[in-house]
Structures are given as structure tokens and as C-alpha cells.
Amino acid sequence: MTDDIPEIFERAGCEGALCVRPLEGDAEVGLRADAPVVPASVFKVQVALEVETAFAEGRLDPRERVTLRAADRTPGPVGLSLFEDDAVLSWRDLTVLMLTISDNPSTDALLRRVGVDALNATAARLGLTGTVVESDLRTMLDSIGEDLGRAGWEDAVAWAAGASADELARADEQLPSARALDPARGTRTTPRDMADLLRLIWTDRAGPAAACGRVRDVMARQLTRHRIAGGFRPPVRVAAKSGSLLGVVRNEIGVVSYPDGRRYAAAVFTRSRPGADEAAISRAIGAATARAVTTLREAGA
């Protein structure tokens, strides 16, 4: 670990954990690399790998049409969550929406199709011993509402719309202790596990080559470009998947590729109090990754 990486996170007002490794070899820059963390939407890379493997092995037709009913749709800030009508898409297009804009309804539809148990079995097979997916996103969101004293997520949202400033402040105080935001009780991973997952995907060792290639290609089209990618400039390329949860968790994992052929898997996880400066934390994710990659490159990795 370089001494200034913890300071980057501290200045941004958050706690940070990271693991940055070249795609080959044992070199590493880490900060709490084995600490359990909340992945938020970073786990969608695992879903994509499972689905793309099913495509590649002929167990699932990527062109099969799926109807996502408006009434059953998982809440979220973007994409299909905002639609008022039923939507019909293919499995492979749902995968694109999941990775590029982090669409929640697409994720839960895909997860229902392949199953949480399959994700956890693949994580175990790949040696990702600190990674466990506990539920789909709707179940996770409902658990947050319950932990705030409401019947579920939609009830919590309805309550918040009419709550006073003091009531909202008390909810913000309760929020970090919710099950979904506690890696001891909810879905969890470690920075090292996610860096290793990226290394396996980028070297076609996580599953069929076609599946790994497809995950790489779609991650390169993620809309979010202000976290890891913010620490680099062209011709350096970044393929990534971000994850955020209720102003407490902000993460990103991705692969940084240089024109000289050297490539680096980075997994960065942060945690802050509600109301922290999101832009500053996103910049810190990019700056910490850039510092770690520079350290590895200067060491010849």
C-alpha cells in the first residue's frame, strides 16, 4: 500500500478499501483488501457472468423475449424502473441494461432466471471465498424499509415523502445499521475477490471464452465514467461496473488498459455517512486507483 491512498479517501470524507493487481502475476497494491464490504451493484458483474455462461453453453436463448410487468418491477433510479408500461426485451438486452446503466428490474429478472444459488456456486468454484449473494434487489430493498421500521421499501418511500426534517435525520442515523448495509449480514464481497474475478474474466478463466468476452465488451460501455475512469485519460481505456447504495456505499470495479498492453484489475469500495460529498468520493475512487496503478507500473508490473 502507498501511504497517500488512505489520505485520498480521508480527504473525500469516506472510508476506503481497495485491491489493484495486474492481470498476470502476484504484484498488488491493497488497502484493507480482505475486509468484507457491501458490493451494491458491483455484484451485477457476477449476474452477467452467470447469464452469459448460460448463453454460451446453450442453456438459455439470449434472444428469448421476456415481459417485465410494470406492477412487478424492482424500484430504482434509472431505466425500466421509470417506465409506466410493461416492457418486452430479450435476455441479452436485459444484460446490457444491467451493466451499462445498472438497471435494477433487468437485474432481478436475470437473477430469477439463473438463481442466487448459481451465483454463489460459481463464486465458490472461482475461489472467491469472501463473496456471498444473499438475495435479489427487491428483497434487499424491502429489508432496508423493514429496518427503518416500515412494512417494506415502497412504504418507506411513501413515508419519507411526508416526513419532517427531524424524522428524515433520524432515519439517516438508522440507515447505516440496516442489514443490507452490513457486510456481516447482507450480500458481501472483498476488494481482493472482485479484483480476482476481473482477472479471471479478462483472461477467460471465469467461464467460456465467449461469456467472458461478452462481459468485458459490455462493461466497456458503462455510462458511469467519473469514478475509476476519472483517474485516467485516453489512450488509457477503462471497462467498469459501479455500485452505490443510499448515499452510504459508493464502489467501482474495473480493468484499466494501457496502450503498451499492460492491464490492471481494480476493485475500490467506499463507505460514508449519508449526506457526504458524492462527487468528492467519486473523484477519490479514480485518484486512489490511479495512484495504485502508477505504483505498480513504476515497479515494473
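**Group meeting: aromatic pairs and strands in a predicted model**

Let's start with the rings. The count comes to two aromatic pairs. The rule: rings of Phe, Tyr and Trp (its six-membered ring) pair if their centres lie within 6.5 Å; planes under 30 degrees apart are stacked, over 60 edge-to-face, and the rest tilted.

Take phenylalanine 232 and tyrosine 258. Their ring centres are 6.4 Å apart and their planes sit at 85 degrees, so this pair is edge-to-face. Where do phenylalanine 232 and tyrosine 258 lie? Phenylalanine 232 is in the loop between helix 10 (209-219) and strand 5 (237-245). Tyrosine 258 is in the loop between strand 6 (249-257) and strand 7 (263-271). The pair therefore ties together parts that are 26 residues apart in sequence. Helices (H or I, at least four residues) and strands (E, at least two) are DSSP runs, numbered from the N terminus.

Now the other pair. Tyrosine 258 and tyrosine 264 are also edge-to-face, with 6.0 Å centre to centre and 85 degrees between the planes.

Tyrosine 258 has a relative accessible area of 17%, and tyrosine 264 is buried at 0%. Buried means under 20% relative accessible area, exposed over 50%, and partly exposed in between (1.4 Å probe, protein chains only).

One more neighbour. Arginine 297 lies over the face of tyrosine 258, at 3.8 Å from the ring centre. That label needs NZ of Lys or CZ of Arg within 6 Å of the ring centre and within 35 degrees of the ring normal.

A quick word on where this comes from. This is a predicted model, with residues numbered from 1 along each chain as its sequence is written. Local features need pLDDT of at least 70 and side-chain atom pairs 80 or more, while totals for chains, interfaces and linings use all residues; side-chain values use heavy atoms, leaving out hydrogens and water.

Next, the strands. In a regular strand the side chains alternate between the two faces of the sheet. Look at strand 3 (residues 65-68). Val66 and Leu68 point to one face and are buried. Strand 3 pairs with strand 4 (residues 87-90) in the antiparallel sense, over four bridges. Pairing takes at least two bridges found by DSSP. Which residue in strand 4 is the bridge partner of valine 66? It is leucine 89.

Leu68 turns up again beside serine 106. Serine 106 sits in helix 4 (residues 104-114) and is buried at 0%. Serine 106 touches Leu68, Leu80, Leu94, Leu97 and Met98, not counting residues up to four places away in sequence. A contact means heavy atoms within 4.5 Å.

Now some backbone points. Most residues other than glycine have a negative phi, and most peptide bonds are trans. Alanine 40 has a positive phi, near 50 degrees. Alanine 40 lies in the loop between strand 2 (29-31) and helix 2 (44-56). Serine 102 has a positive phi too, near 60 degrees. Its loop runs between helix 3 (91-100) and helix 4. Proline 234 and proline 235 are joined by a cis peptide bond, with omega about 15 degrees.

Last, the whole protein. The secondary structure comes to 11 helices and seven strands. Of the 301 residues, 53% count as buried.
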